[in-house]
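Open the model in your viewer and keep the selection tool ready. The tour goes stop by stop.

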Amino acid sequence: MTQGLNRIMWSTLGLLFAALWGLPFLYSVWTAFHDEIYSANFVWNAPITLENFFEAWQAAPFALYFLNTVILITIVLVANLILCTLVAYAFVRYRFRWAGFLFALIMVQLLISPEILIVENYLTLSKIGMIDTILGIALPYLTSAFGIFLLRQTFLTVPVSLDEAAQIEGAGAWRVLWNIYVPLAKPVYLAYALVSISFHWNNFLWPLIVTNSPEVRPVTVGLSVFATVESGVEWSLVNAATLMTTAPLIVAFVIFQRQFVANFMRAGIK
Amino acid sequence: MNKRLPFGLAMIMLVAPCLLLVAFTHYPALRALLNSFWNNASSRRPSKFVGVENYQTLLEDDRLVQVMLNSTFYALGTIPLAIGLAIGMALLVNAKLPGTSLMRLSFFMPTMLPMIAVANIWLFFYAPGIGLASQILGLFGLPPINFLGSTETSLISMMFVAVWKEAGLFMIFYLAALQAVPENLKDAARLEGAGPVRIFFNIVLPLLRPTTIFVAVNALINAFRLVDHVIVMTRGGPNNSSALLLYYIYEVTFSQRDFAYGATLTVLMVCLLGVLAAVQYWVLNRKAHYQ
């Protein structure tokens, strides 16, 4: 009996805390779905409207920003999957001089990530004329130490006997990679893709520095331009735009909740 | 046994991908070191070697002192708070109470949002007059606070934003660790008459130690790396009260166009992260002995 009461008490406390925690987000949601006049005054039956979303969508080229983000993510993801696979495969399957040293050198990127090196990377980009291009935003991220690490760990678990059997059957290096290693690493690819997509969808500082024109801006930069430059912009519009730009991620999260959580954990426990 | 890597394959598999990595990680880091010994080029004269002049500027830079103090305070304030909250959240979610899925969603949601969206949400939350924060203060008859606009509160307000965003992520790590705590240990303690509080402090908390070390070190590195909210919410102001190191690098380089000093500050940042990594390595190694 006391056990049951205890549980109800803790559950109530927990939910209260969760509600408090969600308050800033919920407040933003509330404002986004109501007319500007209800922004700071709560009327429980205030009419819900989608007007803010339509207006925000028209006020800035968000469709273009979304397209840019999708292009950016596609470039980074495809390059990451191919390049990291190749490097990880070379480390797992072959012997070569300086392998340990080279691996350590690659892992340096985990610590000194491109976000830290904005000054010199900007200079490099301007030297090769890639400022204000989507490819320019993507360049520092095309090879990922984290991806290499994750795939190497996975490839190491592939049984050697499978590899040898395929070789006896006459399969070359590329066929072994494609028919044995890649299929066995499928869950890891999915996991990596989810983390990578959410990282690059959210990335802000580097794209902000590299882009000047709306034609190449990803959504995060577009959102910040929309919310700050026009200082007269209404809060309800800013909140609608904020939700709009994050909606795809939230939907993806709800769909892939378990993989996401598993992956953030994998990403952490190195 | 593994074969030797043939030259052609090595070029395709290793050299090409690694060149990209080196070009945007190692090269810029070394380049920053080189550039920190040169001054800025202008339209009339090219840049010239100035030795340690930039480093002298760095030592005499009052703003940098403030920025480093801010960064330290920011790290020391956000990390313990986020970790404490994360442990509490993990315990709540792990207890399988009614409504657990709602709690988990609420705690983890901020982690999913881009920092820029989080910044907008909190900008609105803190907005003088219209924001929920000042409305709540008003409800209790307290005078409104200009959270982001005054030097006393701006940094602390930014710290709450960071804690809000990160605690949910740390909760996931603790959740994993909690699920690995053996039930029989707790059962044994219960048989001996230990209450839930005692069990937590004497059994669960010591077992969470490796997770805490791991989370703390990563949070420390993140505290230096994430400045999106500073750019959106305060631009380091007012009067540098909320400027963090990476934000300062950004401002010096891209607003003041002082690339030489930006490079010098980058060297400082890389050294700092190097020291943190060394500490991480050392602490984690000790942990291995401990287990």
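Which residues have the most contacts inside the largest nonpolar core? Select A:V87, B:A86, B:F170, B:M171, B:Y174 and B:I249. The core they sit in has 150 residues. Keep in mind that this is a predicted model.

**Helix 8 of chain B**

Now select residues 154-179 of chain B. This is helix 8, which gives the most to the core, with 16 residues. Center on B:F170. Beyond its neighbours within four places in sequence, B:F170 is in contact with B:A82, B:I83, B:A86 and B:V215. One of these partners, B:A86, is itself among the core residues with the most contacts.

**Helix 13 of chain B**

Next, take residues 245-254 of chain B. Is helix 13 largely enclosed or largely open? It is largely enclosed by the rest of the structure, because 9 of its 10 residues are buried. Color the buried ones: B:L245, B:L246, B:Y247, B:Y248, B:I249, B:Y250, B:E251, B:V252 and B:T253. B:I249 also belongs to the list of residues with the most contacts in the core.

**Between the chains**

Color by chain and look at where A meets B. On chain A, 68 residues are in contact with 66 residues of chain B. Helix 1 of chain A, residues 2-32, supplies the largest share of chain A's side, 13 residues. That side of chain A divides into 44 nonpolar, 19 polar and 5 charged residues.

**A helix pair across the chains**

Select helix 3 of chain A, residues 62-93, with helix 1 of chain B, residues 7-24. Their axes lie 8 Å apart, at an angle of about 125 degrees. That makes helix 3 of chain A oblique to helix 1 of chain B. The crossing is left-handed. Show side chains at the contact. From chain A come A:L83, A:L86, A:V87, A:Y89 and A:A90. They meet B:I12, B:M13, B:L14, B:P17 and B:C18. The contact holds 10 nonpolar residues, no polar and no charged ones.

**A helix pair within chain A**

Last stop: helix 8 (residues 160-168) and helix 9 (residues 173-184) of chain A. Their axes come within 10 Å and cross at roughly 140 degrees. Helix 8 of chain A is therefore oblique to helix 9 of chain A. Here the crossing is right-handed. Helix 8 of chain A brings A:L162, A:D163, A:A166 and A:Q167 to the contact. Helix 9 of chain A brings A:V176, A:N179 and A:I180. This contact divides into 4 nonpolar, 2 polar and 1 charged.

Notes:
Residues are numbered from 1 along each chain as its sequence is written. Chains are lettered from A and ligands numbered from 1 in the order in which they are written. This is a predicted model: local features need pLDDT of at least 70, side-chain atom pairs count only at pLDDT 80 or more; totals for chains, interfaces and linings use all residues. Axes are lines fitted to C-alpha atoms, for helices over the stretch in contact, and angles run from 0 to 180 degrees between N-to-C directions. Helices (H or I, at least four residues) and strands (E, at least two) are DSSP runs, numbered from the N terminus. Angles under 35 degrees count as roughly parallel, over 145 as roughly antiparallel, 65 to 115 as roughly perpendicular and the rest as oblique. A crossing is left-handed if the near helix is turned anticlockwise from the far one by less than a right angle, and right-handed if clockwise. Two residues are in contact if their C-beta atoms, placed from the backbone, lie within 7 Å. Ala, Val, Leu, Ile, Met, Phe, Trp, Tyr, Cys and Pro count as nonpolar, Asp, Glu, Lys and Arg as charged, and the others, Gly among them, as polar. A residue is buried if 20 or more other C-beta atoms lie within 10 Å of its own, exposed if 12 or fewer, and partly exposed in between; C-beta atoms are placed from the backbone. A nonpolar core is a set of buried Ala, Val, Leu, Ile, Met, Phe, Trp, Tyr and Cys residues joined through C-beta atoms within 7 Å.
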